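Colleague: I would like to learn how to read the contacts inside a protein model, going slowly and taking one feature at a time. Could we look at an example together?

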Amino acid sequence: MATFFGEVVAAPSRAGVDDEEEAAAEREETPEDREIRRELEKKREVHILWSSKLSASTGSFTDEQFPCSKFILAIGHNAVAFLTSFVLNSGCWEAVGSVKLWNEWCRTSNTTSVLPTDAFCLFYKLISDPTVLLCQCNCYVAEDQQFQWLEKVFGCMREEDLQVTILSTCPVTDYKTPESTLTLPSPFLKALKTKEFKEIVCCPLLEQPNIVQGLPAAVLSYCQVWQIPAVLYQCYTDVIKLDTVTIEAFKPVLSSKNLKSLVKDMSKSTEILKKLVTTNEIHNNIYT
């Protein structure tokens, strides 16, 4: 888990016990059990599918690294809806890839015609500058799949001069403060950055003893280890579903160096956001 407050947090370890238990389990495992385990491991593999458009625009083949100056990652449906409304619809972007994965909570679709509540993980490049890559990750990446996701996504990029921006949300009840969370003006934005990130952040930094978890923490930790400038903007909200107020809480990020050049018409973006939320509500009413 990511903290970056100067200390190294060691996870509790049962290494010796776990090794013994694993060895005992392997001795008891039948050939059928091993086959089932191998099939399950294979089913849980993370696959990145790049299109030929990315190869043509960057001059790289999909099995080689391509140059990337900005990587903007939205995780969760509210962060995805924010980038869809304010960034993707204010410039010329092209879908260039997708992540295919399966776990107990989701199975992704590689179609680009999706709603913000569908399970998907799609990549887009800016046509005017193919080194700008945007990822809309609206699927649950299980803990045992996060390393694969990181290895395969970042493994495709040349990391020289790369800057990473991550947007995500989490429940306001996860926010640790001496005050009652009931008195907090939810939603609100907090930032957490790597040591290499030198730009001004667009909101207050996340205070101790708060931590971030899941894929946002995995990406930020990866960037910290590999000395990549990265910042996470985490929105704390009391609304789980797609919500206009929560989405608009990300607006301060539009003034950041990595995003401000990508936003053109704010009034148009607001209209797109309203339409997106309305379409989603209609879809939910039909299927509930």
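Colleague: Which ring does the charged end of lysine 43 sit over?

Modeller: This is a predicted model, and in it the charged end of lysine 43 sits over the ring of tryptophan 102, at 4.2 Å from the centre of that ring.

Colleague: How many aromatic pairs does a search of the whole structure find, and how should I read one of them?

Modeller: A pair of aromatic rings is described by two quantities, the distance of the centres and the angle of the planes. Here a search of the whole structure finds eleven aromatic pairs.

Colleague: Which strands do tryptophan 50 and phenylalanine 123 lie in?

Modeller: Tryptophan 50 lies in strand S1 (residues 47–50), while phenylalanine 123 lies in strand S5 (residues 120–126), so the pair ties together parts that are 73 residues apart in sequence. Both tryptophan 50 and phenylalanine 123 are buried.

Colleague: What about tyrosine 222 and tryptophan 226: how are their planes arranged, and is each residue buried or exposed?

Modeller: The centres of these two rings are 6.2 Å apart and the planes are at 40°, so tyrosine 222 and tryptophan 226 also make a tilted pair. Tyrosine 222 has a relative accessible area of 17% and is buried, because buried means under 20%, whereas tryptophan 226 has 54% and counts as exposed, because exposed means over 50%. Together with Phe71 and Phe154, Tyr222 and Trp226 form one aromatic cluster.

Colleague: Turning to strands, which strands does S8 pair with, and in what sense?

Modeller: In a regular strand the side chains alternate between the two faces of the sheet. Strand S3 (residues 70–75) pairs with S8 in the parallel sense over six bridges, and isoleucine 72 has threonine 165 in S8 as its bridge partner. S8 and strand S10 (residues 230–237) also pair in the parallel sense, over eight bridges, and here serine 168 has glutamine 234 in S10 as its bridge partner. Seven of the nine residues of S8 (residues 163–171) are buried, so this strand is largely enclosed by the rest of the structure.

Colleague: Where does serine 256 lie, and what does its side chain reach?

Modeller: Serine 256 lies in the loop between helix H7 (244–248) and helix H8 (266–286), and its side chain reaches the backbone oxygen of valine 253 at 2.7 Å. With a relative accessible area of 8%, serine 256 is buried.

Technical notes:
Residues are numbered from 1 along each chain as its sequence is written. This is a predicted model: local features need pLDDT of at least 70, side-chain atom pairs count only at pLDDT 80 or more; totals for chains, interfaces and linings use all residues. Side-chain values use heavy atoms; hydrogens and water are left out. Rings of Phe, Tyr and Trp (its six-membered ring) pair if their centres lie within 6.5 Å; planes under 30 degrees apart count as stacked, over 60 as edge-to-face and the rest as tilted. Helices (H or I, at least four residues) and strands (E, at least two) are DSSP runs, numbered from the N terminus. Buried means under 20% relative accessible area, exposed over 50%, partly exposed in between (1.4 Å probe, protein chains only). A charge sits over a ring if NZ of Lys or CZ of Arg is within 6 Å of the ring centre and within 35 degrees of the ring normal. Two strands pair if DSSP finds at least two bridges between them. A polar contact is a pair of N or O atoms within 3.5 Å; within protein, one must be able to donate a hydrogen and the other to accept it, and residues adjacent in sequence count only if both atoms are side-chain atoms.
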